[in-house]
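Work through the exercises below with the sequence and the model open. Each task is followed by a solution in steps.

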Amino acid sequence: KTKMVVVGRDFSKEESDIIANNKLEIKKSKVALDGVGIIVNNNNPLKKMNFNELKKIFTGEVTEWKNLEGDNKDVFSGKIKVFVARKNASIHDYFKQKVLGGAEYYNKSTICSTSAQMLAEIKNNESSVGFISMAWITKFADTLSTEVKPLKIASVDPSNGYVGEYVGIHQAYIYDKSYPLVTESYIMSTDYSMNLSVGFTSFMLSYDGQRIILNSGLVPVTQPVRIIQLN
């Protein structure tokens, strides 16, 4: 009965099978790019983490900040407080597959039911770490909030352990995909007639709609993007 949904990911295999079994014809429109930011408290001196470090923290293998390896060893102290997005949030499964390689989250993690709760927990807990959509830590366009600190992130090649370049979360780096945690947002519709859902989709793909996306801290996909480097 649903004619339209707005989602921060593509359909899963289970959802795609249901669509196929019910012979539904879906019009899929990509409307924006987003990023998953790894955030810590402002009092945390760490500036960067790679996928290996994140996996050890979010699966509970490392529970003390001082026990991180490499450049982050003994930089900070205290027991790590892990905060995880709720299971029905699109970034919950994305982070689990992309960073944890499908491993389960640490069983002593605190589950945040909303992004607002995630921000509040990280802001008020000095030893905390969590992950959140870039739009939630953006004040306007490419200006990030200063309530929490997003870290620079590097991916790790699972075949040889090679650690990539550490990149901060920013619209420019989401656009060129150099930031390693990029997600896609879609409008999915079963409506092909000239109704409200079709009009809404057309607007969001238009110049004005994509400007709203840009000013909300996301990245447009249908309009040309110009990146200006300020030295």
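## Exercise 1: Helix H2 and its cover

The cover over the buried residues of H2 includes S2, strand S3 (48–50), S4, helix H3 (90–98), S6 and strand S10 (152–154). The model is a predicted one.

Task: State which residues of helix H2 (residues 51–58) are buried, and find within what arc they fall, seen down the axis.

Solution. 
- Step 1. Apply the cut-off: buried means under 20% relative accessible area. In H2 the buried residues are Phe51, Glu53, Leu54, Ile57 and Phe58.
- Step 2. Look down the axis of H2: these buried residues fall within an arc of 160 degrees, so they line one face of the helix.
- Step 3. Check a residue of H2 against the cut-offs. Lysine 56, in helix H2, has a relative accessible area of 23% and is therefore partly exposed.

## Exercise 2: The partners of strand S6

Task: Decide for S2 whether its run with S6 is parallel or antiparallel, and do likewise for S4.

Solution. 
- Step 1. Start with the cover of S6 (residues 128–133): 6 of its 6 residues are buried.
- Step 2. Take strand S2 (residues 27–40). S2 and S6 are joined by 5 bridges and run antiparallel. Isoleucine 38 stands opposite phenylalanine 131 in S6.
- Step 3. Take strand S4 (residues 81–85). Here 2 bridges make the join to S6, and the two strands run parallel. Opposite serine 128 in S6 stands lysine 81.
- Step 4. Return to the first exercise: S2, S4 and S6 are also among the elements that cover the buried residues of H2.

## Exercise 3: Salt bridges

Task: The whole structure holds 8 salt bridges. Describe three of them, with the exposure of each partner.

Solution. 
- Step 1. Arginine 9 pairs with glutamate 15, with 2.9 Å between the closest N and O atoms. Glutamate 15 is partly exposed at 26% relative accessibility, and arginine 9 is partly exposed at 31%.
- Step 2. Lysine 13 pairs with aspartate 17, and the closest N and O atoms are 2.9 Å apart. Both residues lie in helix H1 (residues 13–21), 4 residues apart, or about one turn of the helix. Aspartate 17 is partly exposed at 33%, whereas lysine 13 is exposed at 64%.
- Step 3. Glutamate 69 and lysine 56 form a salt bridge at 3.5 Å, N to O. This pair links distant parts of the chain, 13 residues apart: glutamate 69 is in the loop between H2 and S4, and lysine 56 is in helix H2. Glutamate 69 has a relative accessible area of 52%, so it counts as exposed.

## Exercise 4: Positive phi and a nonpolar patch

Task: Locate lysine 23 and lysine 177, and give the phi of lysine 23 and of lysine 177. Then name the residues that make a nonpolar surface patch.

Solution. 
- Step 1. Lysine 23 sits in the loop between H1 and S2. Its phi is positive, about 55 degrees, although lysine 23 is not a glycine. With a relative accessible area of 75%, lysine 23 is exposed.
- Step 2. Lysine 177 belongs to the loop between helix H5 (171–175) and strand S11 (182–189). The phi of lysine 177 is positive too, near 65 degrees. Lysine 177 is partly exposed, at 46%.
- Step 3. Tyr175, Val225 and Ile227 make a nonpolar surface patch of about 240 Å². Isoleucine 227 is in the segment after strand S12 (219–220) and is partly exposed, with a relative accessible area of 46%.

Key
Residues numbered from 1 in each chain as written. Predicted model: local features only at pLDDT ≥ 70, side-chain atom pairs only at ≥ 80, totals over all residues. Heavy atoms only, no water. Buried < 20%, exposed > 50% of the residue type's maximum accessible area, 1.4 Å probe, protein only. Pairing = 2+ DSSP bridges. Patch = residues over 30% accessible without salt bridge, like charges linked within 9 Å, V, L, I, M, F, W, Y side chains within 5 Å. Areas by Shrake-Rupley, 256 points an atom, 1.4 Å probe, with all protein chains shown as cover. Salt bridge = Lys/Arg side-chain N within 4 Å of Asp/Glu carboxyl O. Arc of directions from axis to C-beta. Contact = heavy atoms within 4.5 Å.
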